[in-house]
Amino acid sequence: MVEYLLIIISAIFVNNILLSQFLGICPFLGVSNKLSTASGMSMAVCFVITLATVVTFLLNKLLVMCGLEFLQTISFILVIAALVQMVEIVLKKISPALYASLGIFLPLITTNCAVLGVALTVVQKPSVFASAADGMMNLGEATVYAFATSLGFGLAMILFAGLREQLSLNDVPKAFKGIPIALVTAGILAMAFMGFSGLV
């Protein structure tokens, strides 16, 4: 149980996928203008990362058994693309307003390097359990790691969106308006998350 807690703390705070590993920057900068849009994108990415990781983990076991490890990346991309299409269809039916506000960034989850990055990490990352037979993560660890990583993605997105909303109400110098002040803010947020390094 303690090991799972360490995975969660590490994935959310210490090795945050956006602020420490710099994966998934496209939606981080593109969909973080409004808090509502950022939280909707975070939920969609959370679902896709967790489900894609479980499916790709099991698929990887099959590929290894058949000696087809070289198909790993292409098969993972196909699984992620199929899951994103499913999320897109569900969002269009359940919440058309959120679907419209996400716009082009929803299909871009397919090419979001954070989703593929997590899927590849869990099949390559050593297990925190010393008793693991092959030294790699098991399905439970992979699922917890994927879910915690997606929560870290969501936390960073929501914090950043909140900061950007506050910045839009302030008098920002003309040279810094828009993306420049967003990049400065992202850098300061990343430095704040560096305070968690060494925690785990």
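Visitor: Which residues line the largest pocket?
Guide: In this predicted model, the lining is N33, R164, L167, S168, N170, V172, K177, G178, I181 and A182. A pocket is an open set of 1 Å grid points over the protein atoms alone, where a 1.4 Å probe fits, with protein on both sides within 12 Å along at least five of seven lines; lining residues have an atom within 4 Å of a point.

Visitor: Which elements give two or more residues to that lining?
Guide: Helix 7 and helix 8 (179-193). Helix 7 gives the most, three residues. Helices are DSSP runs (H or I, at least four residues), numbered from the N terminus.

Visitor: How much space is in there?
Guide: About 170 Å³. That volume is the space filled by probe spheres set on the points, which are joined across faces, edges and corners.

Visitor: How do helix 7 and helix 8 cross?
Guide: Their axes come within 10 Å and cross at roughly 135 degrees. Axes are lines fitted to C-alpha atoms over the stretch in contact, with angles from 0 to 180 degrees between N-to-C directions.

Visitor: New topic. Where is confidence lowest, and where highest?
Guide: Lowest in helix 5 (residues 96-102), at a mean pLDDT of 78, and highest in helix 7 (residues 139-169), at 93. pLDDT is the predictor's confidence in each residue, from 0 to 100.

How values were computed: Residues are numbered from 1 along each chain as its sequence is written. This is a predicted model: local features need pLDDT of at least 70, side-chain atom pairs count only at pLDDT 80 or more; totals for chains, interfaces and linings use all residues. Side-chain values use heavy atoms; hydrogens and water are left out.
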